[in-house]
Amino acid sequence: MDGFHDLGGFQGFGKIPHTINSLSYKTVFKEDWEHLAYSLMFVAADHLKQFSIDEARHAVERLDVRQHVGTTYYERYVIATATLLVEAGVITQDELDQALGSPFKLANPPHSQGRPAITGRAPFEVGDRVVVRDEYVAGHVRMPGYVRGKEGVIRHRTTEQWPFPDTIGHGDKRAIHQPSYHVEFRVKDLWGDANDNGLVVVDLFESYLDKVVAEQTVTA
Amino acid sequence: MNTPTPQQSTSTPGERARALFQVLKSKDLIPDGYIEAITQLMEHEWSPENGARVVAKAWVDPQFRELLLKDGTAACAQFGYTGPQGEYIVALEDTPTLKNVIVCSLCSCTNWPVLGLPPEWYKGFEFRARLVREGRTVLRELGTPLPSEVTVKVWDTSAESRYLVLPVRPEGSEHMNEEELQKLITKDVLIGVALPCVP
C-alpha cells in the first residue's frame, strides 16, 4: 500500500537528529516500557505463532496516518501487536480497554486479502536489466514506491528464498518462497538530474520485477 | 463541513504497552523468563562491538575477508553472530571511490546480531525519507563530507538481506593490532554514515 510508512524520497523533513559517533544508542531502550514493544511482539509471533513479521510490518502500515505521525517507533509496534492479537481472537478490544482504563486505539483494518507471487518464470541473472512492475498494491508490499516503473541492473540474486511478503503479510500461509534481487538504480533515474549522482540498491522480490527486453532492429 | 476529529488518546505509550502486557499475562500467554531473555539479547548481546570484531578481522585476515564478502552469513556465524535479523548477511565493501550506506526506507530492518538494534535516528522519518534521494547531502550534514570522486551507494533494506559496511582500513592504522582496530569501528561506521579514523 502507498502509505505514510513508504518514506523514501518524501520531502519536507529537516535535519537528521544525530551527531556521528555519539553514544546515545548505548541505552538501547530509553524508557522502561520500550522493551515490551519487541518482546511482546516476539511472544505473539515466535512463541504463540499468531503472526509473521510481515504481518507485523503490515499492521504498522495500517495505523491511521495521523496516529502513525504522532507516535514513536516503539509505540507503533505495541499497537501492531495488539491489533493482530485482537484480529486473531487471542485477546479482545474490551480487554485492552479495560486494562488501559480508556479506549485502546488499534490500527485500521486491511484493504486487501493479499496477492499471490508470480510463478512459472525463469529466474533473473546477475547483470540482467530489469524494470520494477508498474503496480499499485492495496495490501502489504515491500517494493518502495520510488522504484515503481524504474529500470535497474541486477547485482545479486539471494541464495536463500523467503515467503512472498504480499501473501504472508496477510497471514496467508500459501505464500510461495522466492529469492530477492539486489537491483542497482542510478539516483538520476529515480530523482532526476538535479540530484546526487549516486546509486541506490533496493532488495526486491522476484515477483516485483520484469526483464527489460532490448529493442531489436528488425531487418527484412 | 465538519471533518471528524480523530479520537484523542488520554493514555501514555507506556500505559498502552503495559496494558497489552497485562492482558497477555492474565491469560497466562507469556512464559516465565521469556521477556527477560529476549531483552537481554536486545540490550546486551546484539551490539556494534560484534560488527567491529568482524570488520577488524577482515582487515587483518585476507582469507576471512574473502569469506565475508562471499558469504557474510557464514563469516559472521564463525563468531556466533546469528539469529533473528541476521539470517542472510551481506557485507558491503567500500573502496577509495565508493562509499556504502545502509537504510530501511519502509521500516527499520537492521542486522541485529552484528550492528545491534537500530538507533532512533536510523528509524526516524528524516533519515528514511532523505537518504535514498540525497545521500551525499545527508552524509555531509551528519559530519561525513565526501569528495566528488567518491560515489555514494545507498542500500535500502527492503527484503531479507541484512547488511554491514566493510570500510576501507584508514591510513595510519598500519601498526595497530586487531584489538586496537576494533575500537575504530563504531555503530555509525557499520551503518556507513561515518568513516573509521585513527585518533
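This is a predicted model: local features need pLDDT of at least 70, side-chain atom pairs count only at pLDDT 80 or more; totals for chains, interfaces and linings use all residues.
Residues are numbered from 1 along each chain as its sequence is written, and chains are lettered from A in the order in which they are written. Local features need pLDDT of at least 70, side-chain atom pairs count only at pLDDT 80 or more, totals for chains, interfaces and linings use all residues, and side-chain values use heavy atoms, with hydrogens and water left out.

**Exercise 1.** Describe the interface between chain B and chain A.

*Solution.* Start with contacts (heavy atoms within 4.5 Å): 79 residues of chain B touch 80 residues of chain A. Next, look for salt bridges, where a side-chain nitrogen of Lys or Arg lies within 4 Å of a carboxyl oxygen of Asp or Glu. The rule finds five across this interface. B:Arg16 and A:Glu75 form a salt bridge, with their closest N and O atoms 2.9 Å apart.

**Exercise 2.** Find the partners of strand 6 of chain A.

*Solution.* Two strands pair if DSSP finds at least two bridges between them. Within chain A, strand 5 (residues 180-186) pairs with strand 6 in the antiparallel sense over seven bridges. Now zoom in on A:Val200: A:Phe185 stands opposite, and the bridge partner in strand 3 of chain B is B:Val154. For A:Val201, the partner in that strand is B:Trp155.

Terms used:
Helices (H or I, at least four residues) and strands (E, at least two) are DSSP runs, numbered from the N terminus.
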